[in-house]
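Colleague: I would like to go through the wording used for this model, term by term. Please give the cut-off each time and then the value.

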Amino acid sequence: MTTSPTRPLPAVQLRVPTDEDAHAWHRIFRDPDVMEFLGGPAELSFYEEFTARQRLHDARLGFCLWTLLDGDGEVIGFTGAQPWPESKGWGPVGEIEIGWRLGRSAWGRGYAYAAALATLERVRGAGVPEVVAMIDDVNVRSIAVAERLGMTLADRSPVPGGARVARRYALTLQPT
């Protein structure tokens, strides 16, 4: 886990999602390019339910997909971890998946990596021994973040209902 010698990591803040964050996520994730690997933009009601679910995860597990804020306190996306749901019917059911999603204005600036590092520290502190990241086979930006974190490619599998393939990256977390 290294940083670029020419560019320090940007400042990031993580917070448990609020009701207002549902509106911010809806706004910044409306961009079809942001949602290219995730089925396209979603309605506000999706984010209202999603932020409520993340608050429950945080209360029960000590971690969730947190709202990601830049150094100025502006919402730029989310990052964090959650159990892979059985309801998906595929993938690493029951494993703890880390993930990140940023609005286009935050791309290429080191925010995903900085936020993922903060996520790893928080889930390690919550006693999680291993995390996975499920990433679309052609999502080179997210693949680069996972590999920079030191995650290793564990396997590849087809995504149900389409021609896409997902990569499962894994990382064992050393206790603090």
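Modeller: Buried means under 20% relative accessible area, exposed means over 50%, and partly exposed lies in between, with a 1.4 Å probe and protein chains only. This is a predicted model, in which local features need pLDDT of at least 70 and side-chain atom pairs count only at pLDDT 80 or more, while totals for chains, interfaces and linings use all residues. Residues are numbered from 1 along each chain as its sequence is written, and side-chain values use heavy atoms, with hydrogens and water left out.

Colleague: Why is arginine 122 called partly exposed?

Modeller: Its relative accessible area is 36%, and partly exposed is the class between buried and exposed; therefore arginine 122 is partly exposed. Arginine 122 lies in helix 3 (residues 111–125), helices being DSSP runs of H or I with at least four residues, and strands runs of E with at least two, numbered from the N terminus.

Colleague: What does arginine 122 touch?

Modeller: Leaving out residues up to four places away in sequence, arginine 122 touches Leu14 and Trp66, where contact means heavy atoms within 4.5 Å.

Colleague: What makes helix 1 oblique to helix 2?

Modeller: Helix 1 (residues 19–28) and helix 2 (residues 44–61) pack at about 135°, with axes 8 Å apart. Angles under 35 degrees count as roughly parallel, over 145 as roughly antiparallel, 65 to 115 as roughly perpendicular, and the rest as oblique. The angle of about 135° therefore makes helix 1 oblique to helix 2. The axes are lines fitted to C-alpha atoms, for helices over the stretch in contact, and angles run from 0 to 180 degrees between N-to-C directions.

Colleague: Which residues of helix 1 and helix 2 meet?

Modeller: Asp19, Asp21, Ala22, His23, Trp25 and His26 of helix 1 meet Leu44, Tyr47, Glu48, Phe50, Thr51 and Arg55 of helix 2.

Colleague: Which residues of helix 1 are buried?

Modeller: Asp21, Ala22, Ala24, Trp25, His26 and Ile28. Their cover includes strand 1 (12–15), helix 2, strand 2 (65–70) and strand 3 (75–83).

Colleague: Why is strand 7 described as largely enclosed by the rest of the structure?

Modeller: Strand 7 (residues 165–172) has eight residues and six of them are buried, so it is largely enclosed.

Colleague: How do you know that strand 5 and strand 7 pair?

Modeller: Two strands pair if DSSP finds at least two bridges between them. Strand 5 (residues 130–136) and strand 7 have seven, in the antiparallel sense. Aspartate 136 has alanine 166 in strand 7 as its bridge partner. Strand 6 (residues 152–158) also pairs with strand 7, antiparallel over six bridges, and serine 157 stands opposite alanine 166.
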